[in-house]
Amino acid sequence: MSFTVSPLAKIITLASTLALGFILIILSCALYNNWVPLTVVGIFLLAPVPNALCGKWDGNDDFMSETSTAVLDFGRFFTGFLVFSGIALPIVLAHNSIIGISAMAMSLVGGFIIYGTIVTFSAFFHQSEEF
């Protein structure tokens, strides 16, 4: 039994999941009247950008190539740095009593949902060049 999902269904599912992540982060700000956790949205939205840019800029998919992968490594490092910053920022803010523990939890879950949705979107619609 083969089960295929149309691209429109994928987009609708990913859009609703992304909206859930945004709602969680906005609720973590609005319920406690402190808009500092909103910075997590920017961090998690920017997190996949270095990896995507460095992957396109390197553009070398040849297996037998002897070129360096320094550009790809830099993109992966900077993406990891941004993801770690997106995780650490709400924890540090909660530790310093700038935001509450429940706002921290909602911000972390919302950030993970946003980042996961962006990564899933790029994985679903990535066109591999096989010939």
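**Segments and nonpolar cores in a predicted model**

Over residues 12–35 the chain is 79% helix and 0% strand, with the end C-alpha atoms 28 Å apart. Helices here are DSSP runs of H or I, at least four residues, and strands are runs of E, at least two, numbered from the N terminus. This is a predicted model, where local features need pLDDT of at least 70 and side-chain atom pairs count only at pLDDT 80 or more, while totals for chains, interfaces and linings use all residues. Residues are numbered from 1 along each chain as its sequence is written, and side-chain values use heavy atoms, with hydrogens and water left out.

Residues 105–125 are 95% helix and 0% strand, and their end C-alpha atoms lie 30 Å apart.

Now the cores. A nonpolar core is a set of buried Ala, Val, Leu, Ile, Met, Phe, Trp, Tyr and Cys residues joined through side-chain atoms within 4.5 Å; buried means under 20% relative accessible area, exposed over 50%, partly exposed in between, with a 1.4 Å probe and protein chains only. The largest has 8 residues: I25, V40, V41, F44, A47, L82, V83 and I114. Helices α2 (39–46) and α4 (70–95) each supply at least two of its residues, and α2 gives the most, 3 residues.

Leaving aside neighbours within four places in sequence, I114 is in contact with L18, G21, F22, I25, V41, F44 and L45. Contact means heavy atoms within 4.5 Å.

A second, separate core of 6 residues includes L93, A94, I99 and L108. A94 is in helix α4 and is buried, at 11% relative accessible area. With the same exclusion of neighbours within four places, A94 is in contact with I99, G100, I101 and M104.
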